[in-house]
Amino acid sequence: MASKLFTITTSVQAEYEIKKSRFIGAIMPCNNEQEALHQLGLLARQHPNANHLAFAWRIRQPEGFITERFHDAGEPSGTAGRPILAPLEGESLINTVVGVVRYFGGIKLGTGGLTRAYATAAKEAMAAATIIPWVEMAEVTLEIDYPQLQMLEYQLKQVHGQVIDQQFTDKVTITFTLPAKLRDDIVKQFSGFSG
């Protein structure tokens with residue numbers, strides 16, 4: 001596995017045509033398989049008359065390993081899903097799903113032509129995407145005093161952290177995510193770490 005991993009920021013589509021067949025590659029961010037399936041469902045609804053929707057994804061699991069899945073969507077075995085997955089692996093992309101929609105143009109491409117077309121559509125979608133280094137995030141729950149809340153929120157904003165939940169009693173119980181490498185530093189600054 002590559003030591004440095006990457007992901008994308010937003011969904012992007014790119015179109016490719018060969019021998020009257022249209023291939024629309026869509027690259028979409030996802031944090032788990034449910035999100036990947038949801039993104040693919042949205043893509044399918046955008047293209048209800050497409051002949052095929054092949055896909056591949058790479059998702060980093062909380063335990064640290066990467067799961068990969070691909071599907072040929074009725075194309076000859078090995079001509080669609082695997083060629084979509086290969087560039088994802090090559091660019092060390094994770095938490096990313098690529099779907100390629102095909103509108104058949106009436107001219108058969110053969111297995112080699114199909115493989116190249118699906119790979120090209122995936123690569124063009126990837127080329128159009130904003131690829132960024134992936135940063136492992138950690139979830140933290142702290143119990144803090146009210147005067148500390150503004151400072152914590154400010155620090156989270158500086159490191160692209162995100163508040164998930166806040167509960168207000170005599171203290172504030174706040175759950176947030178932040179880059180894992182900064183977890184211990186933030187926790188040390190605030191009293192009452194609870195998890």
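1. Helix α1. In α1, the buried residues are Ala36, Gln39, Leu40, Gly41 and Leu43; buried means under 20% relative accessible area, exposed over 50%, and partly exposed in between, with a 1.4 Å probe and protein chains only. Helices (H or I, at least four residues) and strands (E, at least two) are DSSP runs, numbered from the N terminus. The cover over the buried residues of α1 includes β2, β3, β4 (52–60) and β6. An α-helix has 3.6 residues a turn, so residues three or four places apart point the same way. Helix α1 covers residues 33–46, and its 14 residues should span 20 Å at 1.5 Å a residue; the end C-alpha atoms are 20 Å apart, which agrees. The expected span is 1.5 Å times one less than the number of residues in the helix.

2. Basis of the model. This is a predicted model, in which local features need pLDDT of at least 70 and side-chain atom pairs count only at pLDDT 80 or more, while totals for chains, interfaces and linings use all residues. Residues are numbered from 1 along each chain as its sequence is written, and side-chain values use heavy atoms, with hydrogens and water left out.

3. Overall form. The protein chain has 5 helices and 10 strands. Its radius of gyration is 21 Å, well over the 16 Å that the globule rule gives for 195 residues, so the chain is more spread out than a compact globule. That radius is taken over C-alpha atoms, and the globule rule is 2.2 Å times the number of residues to the power 0.38. Along the principal axes, the C-alpha atoms fill a box of roughly 70 × 35 × 25 Å. Glu143 and Gly74 are 69 residues apart in sequence and 53 Å apart in space, C-alpha to C-alpha.

4. Of the 195 residues in the protein chain, 43% are buried. The chain exposes about 10,500 Å², with carbon and sulfur atoms supplying 51% of that area; accessible areas come from the Shrake-Rupley method with a 1.4 Å probe, and for residues only the protein chains shown count as cover. Among contacts with a separation of 6 or more, 68% are between residues 24 or more positions apart, where contact means heavy atoms within 4.5 Å.

5. Strand β6. In β6, 8 of the 8 residues are buried, so the strand is largely enclosed by the rest of the structure. One side carries Thr96, Val98, Val100 and Arg102, and the other carries Val97, Gly99, Val101 and Tyr103; both faces are covered. β6 pairs with β3 in the antiparallel sense over 8 bridges, and two strands count as paired if DSSP finds at least two bridges between them. In that pairing Gly25 has Val100 of β6 as its bridge partner. β4 also pairs with β6 in the antiparallel sense, over 7 bridges, and here the bridge partner of Ala56 is Val98.

6. The three-stranded sheet. An open sheet of 3 strands runs in the order β8-β10-β9, with antiparallel pairing. Its edge strands are β8 (137–144) and β9 (162–168), each pairing on one side only. From one strand to the next, the twist averages 15 degrees. Helix α4 (residues 146–158) packs on this sheet and touches β8, β9 and β10, its direction making about 15 degrees with that of β10. Axes are lines fitted to C-alpha atoms, for helices over the stretch in contact, and angles run from 0 to 180 degrees between N-to-C directions.

7. Pairing within that sheet. β8 and β10 (residues 172–179) pair over 8 bridges, with Met137 opposite Pro179 in β10. β9 and β10 pair over 6 bridges and form a hairpin with 3 residues between them. Phe168 has Val172 in β10 as its bridge partner. Glu143 is found in strand β8 and counts as partly exposed because its relative accessibility is 35%.

8. Positive phi. Most residues other than glycine have a negative phi. Lys20 has a phi near 70 degrees, a positive value, and is found in the loop between β2 (12–18) and β3 (21–29). Asn95 has a positive phi of about 50 degrees and lies in the loop between α2 (81–90) and β6 (96–103). Lys20 counts as exposed, at 60% relative accessibility, whereas Asn95 counts as buried, at 8%.
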